[in-house]
Amino acid sequence: MDDGLRAAVLKLKRDRILAVALKLFDERGFVNTTLDDLAEHIGVSKPFIYAHFRSKAELLAVICAQGIAISMEVIDRALAAEGPARERLAAFVHEFVMAVLSSQEHVAIYAREEPSLDAADRVAIRRLRKEFDRKLVALLDRGVRSGEFSLPETPIAALALGGLVSWASVWFRPGGRLQQQEVAQRVSQLVLAMAGTGTSVAKRKDSSRAAGHTHQ
């Protein structure tokens with residue numbers, strides 16, 4: 001077996017373990033799920049699990065980190081994109097909502113089971129969350145500087161935005177009145193309305209109108 005195939009097989013095994021752990025942690029809770037339960041649901045022995053993960057705590061840490069990692073990818077794309085800040089913010093929020101709704105179990109498990117994380121894992125994940133907030137503030141600051149947003153305190157706005165989107169994982173139900181894409185679009189519109197119109201944008205529009213009247 002070559003290295004590429006071996007790596008693919010190992011990833012499949014790890015992904016299978018994580019998928020079942022995600023399901024059991026979500027349904028039963030971390031404390032009430034044992035590695036014996038996990039092994040039984042997968043149809044393997046505990047040594048098989050230990051060959052890929054050091055402990056049940058490591059499984060929890062990986063699951064909690066996965067949701068944060070997806071959000072980081074979304075904000076990184078928004079920061080790297082070109083174009084008006086409003087367009088980038090709209091695209092970011094849409095993608096962010098889709099990521100959260102596609103990872104409802106990850107979000108719920110992190111919110112409920114954070115105290116069960118090992119101290120080092122808890123610190124590492126909190127560091128990632130702070131990094132996400134810092135990058136979101138940077139995105140909002142760009143819109144304020146360009147005059148596209150009217151936000152007096154972007155750090156508070158970033159926290160509010162993150163909470164608004166994350167809460168969707170609690171109330172959204174598949175098969176409900178709105179599909180994921182519709183929810184993402186409406187939340188994106190709501191965030192843009194909250195961001196407002198920057199004063200410099202309004203001034204430019206007023207200047208354009210004044211110039212038009214002068215030439216008439």
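Mentor: Let's begin with the largest pocket: α8 gives the largest share of its lining, eight residues. Keep in mind that we are looking at a predicted model.

Trainee: What is the volume of the largest pocket?

Mentor: The volume comes to about 510 Å³. Its lining has 26 residues, and the closest to the centre are Ile68, Val107, Arg129, Gly162 and Ser166. Two or more lining residues come from each of α4, α5, α6, α7 and α8.

Trainee: Thanks! Now to single residues. Why is Ser71 called buried?

Mentor: Ser71 has 12% relative accessibility, and buried means under 20%. The value falls under the cut-off, so Ser71 counts as buried. You will find Ser71 in helix α4.

Trainee: Which residues does Ser71 touch, not counting residues up to four places away in sequence?

Mentor: Ser71 touches Phe96 and Phe132.

Trainee: What makes Phe132 buried?

Mentor: Use the cut-off again: Phe132 has a relative accessible area of 7%, and under 20% is buried. Therefore Phe132 is buried. Beyond its neighbours within four places in sequence, Phe132 is in contact with Ser71, Met72, Ile75, Phe92 and Phe96.

Trainee: How far apart in space are Phe132 and Met72, C-alpha to C-alpha?

Mentor: They are 6.0 Å apart in space, although 60 residues separate them in sequence.

Trainee: Is Glu40 buried or exposed, and how do you know?

Mentor: Glu40 lies in helix α2 and has a relative accessible area of 63%. Exposed means over 50%, so Glu40 is exposed. Helix α2 also has buried residues: Leu35, Asp37, Leu38, Ala39 and Ile42. Those buried residues pack against α1, α3 (46–50) and α4. Just after α2, Gly43 takes a positive phi of about 90°.

Trainee: Why does Ala19 count as partly exposed?

Mentor: Ala19, placed in helix α1, has 41% relative accessibility. The C-alpha atoms of Ala19 and Ile63 are separated by 9.0 Å, and the two residues are 44 residues apart along the chain.

Trainee: Where is Glu114, and why is it called buried?

Mentor: Glu114 sits in the loop between α6 (104–113) and α7 (119–145). With a relative accessible area of 17%, against a cut-off of under 20%, Glu114 is therefore buried. Leaving aside neighbours within four places in sequence, Glu114 is in contact with Ile109, Arg122 and Arg126.

Trainee: What makes α5 mostly covered?

Mentor: Count its residues: 12 of the 17 are buried. Among them are Ala85, Leu89, Phe92, Phe96 and Leu101. The covering of the buried residues includes α4, α6, α7, α8 and α9.

Trainee: How do you know that the span of α5 is close to the expected one?

Mentor: From its first C-alpha to its last, α5 reaches 24 Å, and 24 Å is expected at 1.5 Å a residue. Helix α4 can be checked in that way too: its 25 residues reach 36 Å, close to the 36 Å expected.

Trainee: What happens at the start of α4?

Mentor: There, a side-chain oxygen of Ser55 comes to within 3.4 Å of the backbone nitrogen of Ala57. A polar contact requires N or O atoms within 3.5 Å, so the distance meets that cut-off.

Trainee: Last one: which residues have the most contacts inside the largest nonpolar core?

Mentor: They are Leu38, Leu59, Leu89, Phe92, Val93, Leu136 and Leu161, in a core of 60 residues. At least two residues of this core come from each of α1 (3–28), α2 (35–42), α4, α5 (85–101), α6, α7, α8 (154–171) and α9 (180–195). Leaving aside neighbours within four places in sequence, Leu89 is in contact with residues including Leu139, Phe149, Leu161 and Val191. In soluble globular proteins, nonpolar side chains tend to be buried together.

Note on methods:
Residues numbered from 1 in each chain as written. Predicted model: local features only at pLDDT ≥ 70, side-chain atom pairs only at ≥ 80, totals over all residues. Heavy atoms only, no water. Helix = DSSP H or I, 4+ residues; strand = E, 2+ residues; numbered from the N terminus. Expected span 1.5 Å × (residues − 1). Polar contact = N/O pair within 3.5 Å; in protein donor to acceptor, adjacent residues only side chain to side chain. Buried < 20%, exposed > 50% of the residue type's maximum accessible area, 1.4 Å probe, protein only. Contact = heavy atoms within 4.5 Å. Core = buried A, V, L, I, M, F, W, Y, C linked by side-chain atoms within 4.5 Å. 1 Å grid on protein atoms, 1.4 Å probe; cavity = no way out; pocket = protein on both sides within 12 Å on 5 of 7 lines; lining within 4 Å. Points joined across faces, edges and corners; volume = space filled by probe spheres on them.
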